[in-house]
Amino acid sequence: MGEQSICRNCGTRSQGAYCHNCGQRTGIYRVSFKETFADLASGLFTLEAPIWRTTSALFRTPGKLFNEYLEGQRKKYYKPVAYFILWTALFLLVRSVLKFDPFKSVAADTTLNTDVSWLYEAGKFMSANINNFMFVFVFTLGGFLKLFFYKRYRLAEFVAISFYLLCVYTLINTLFQVYLKLSGAEPNFLPALLFGFYLAFAIPAWLKGNMILISLKALIAFFLAFMFYLAISFALSIVIVLYL
């Protein structure tokens with residue numbers, strides 16, 4: 001029998017390098033630089049780290065990722081909400097570095113009627129708080145996927161998968177704002193179009209069945225979710241700008 005030790009995380013008496021109850025390393029004492037940077041390297045730079053495994057699966061085998069996560073393989077992949085927040089933070093960081101303002105051309109329009117300037121202010125508020133409003137998109141997408149595929153999974157499960165799906169949309173928008181900044185082109189709906197193509201591939205790979213029918217229903221669900229997301233977010237922005 002090997003030497004037993006007390007896990008400093010959960011207090012369980014364990015044998016071996018890892019606690020059998022919570023999975024933490026048993027050989028942990030005072031924090032050191034070696035441990036801190038070793039954990040960082042393990043979490044970010046190894047091919048088997050959950051963040052890279054999740055990213056790879058999201059583009060190569062999304063159906064497998066969604067099915068395995070819903071079937072209980074939670075430790076294998078990066079948690080959907082945390083993963084979504086990570087990509088949203090990257091989007092905001094890139095936008096800050098680029099000083100990207102999608103409403104700059106609108107502000108430069110001297111013919112803008114002062115009577116409707118609040119529309120511009122609402123749009124600018126929505127853009128500035130896109131990290132918060134994107135959560136609205138998650139729930140509208142999850143809700144419409146549930147509506148169109150109601151027999152497959154529960155609403156909470158569709159919402160969890162929507163967090164993963166919208167990480168792809170966030171990545172597309174991150175790259176798109178770099179393109180807009182470098183090219184000087186005007187903002188358009190190309191990211192939504194590209195994301196629609198992704199959904200037409202990812203949803204049938206996950207739900208199985210008639211690929212054409214599932215793709216069509218997924219695209220309709222996305223279109224409705226996108227419209228509701230824009231309407232709800234813009235309406236909330238108008239209320240905040242005018243009354244708060």
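Q: Which residues form a nonpolar patch on the surface, and with about how much accessible area together?
A: They are W118, L119, V239, L242, Y243 and L244, with about 650 Å² between them. The elements giving two or more residues are α6 (117-128) and α10 (211-243), and α10 gives the most, with 3 residues. A patch is made of residues with over 30% relative accessible area and no salt bridge; like charges are joined within 9 Å, and nonpolar side chains (Val, Leu, Ile, Met, Phe, Trp, Tyr) within 5 Å. The areas come from the Shrake-Rupley method with a 1.4 Å probe, and for residues only the protein chains shown count as cover.

Q: What kind of model is this, and how are its residues numbered?
A: It is a predicted model, where local features need pLDDT of at least 70, side-chain atom pairs count only at pLDDT 80 or more, and totals for chains, interfaces and linings use all residues. Residues are numbered from 1 along each chain as its sequence is written, and side-chain values use heavy atoms, with hydrogens and water left out.

Q: Where is confidence lowest and where is it highest?
A: Helix α5 (residues 104-107) is lowest, at a mean of 53, and helix α9 (residues 190-207) is highest, at 95. The score is pLDDT, the predictor's confidence in each residue, from 0 to 100. The protein chain averages 83, and 80% of the residues score at least 70.

Q: How many helices and strands are there?
A: The protein chain has 10 helices and 2 strands. Both are DSSP runs numbered from the N terminus: helices are H or I with at least four residues, strands are E with at least two.

Q: Why is L242 called partly exposed?
A: L242, found in helix α10, has a relative accessible area of 42%. Buried means under 20%, exposed over 50%, and partly exposed in between (1.4 Å probe, protein chains only), so L242 is partly exposed at its 42%. Across the protein chain, buried residues make up 38% of the 244 residues.

Q: What makes F137 and F226 a tilted pair?
A: Rings of Phe, Tyr and Trp (its six-membered ring) pair if their centres lie within 6.5 Å; planes under 30 degrees apart count as stacked, over 60 as edge-to-face and the rest as tilted. The centres of F137 and F226 are 5.7 Å apart and their planes stand at 55°, so the pair is tilted. F137 lies in helix α7 (residues 130-148) and F226 in helix α10, so the pair ties together parts that are 89 residues apart in sequence.

Q: What angle between the planes goes with the edge-to-face pair of F158 and W206?
A: The planes are at 70°, with 5.6 Å centre to centre. F158 in helix α8 (residues 155-183) and W206 in helix α9 are 48 residues apart.

Q: Why do F158 and W206 count as buried?
A: F158 has 0% relative accessibility, so it counts as buried. W206 is buried because its relative accessible area is 2%.

Q: How do you know that K76 and E68 meet in a salt bridge?
A: The rule asks for a side-chain nitrogen of Lys or Arg within 4 Å of a carboxyl oxygen of Asp or Glu. The N to O distance for K76 and E68 is 3.0 Å, which meets that rule. The count comes to 1 salt bridge.

Q: Are K76 and E68 buried or partly exposed?
A: K76 is partly exposed, with a relative accessible area of 28%, while E68 is buried, with 13%.
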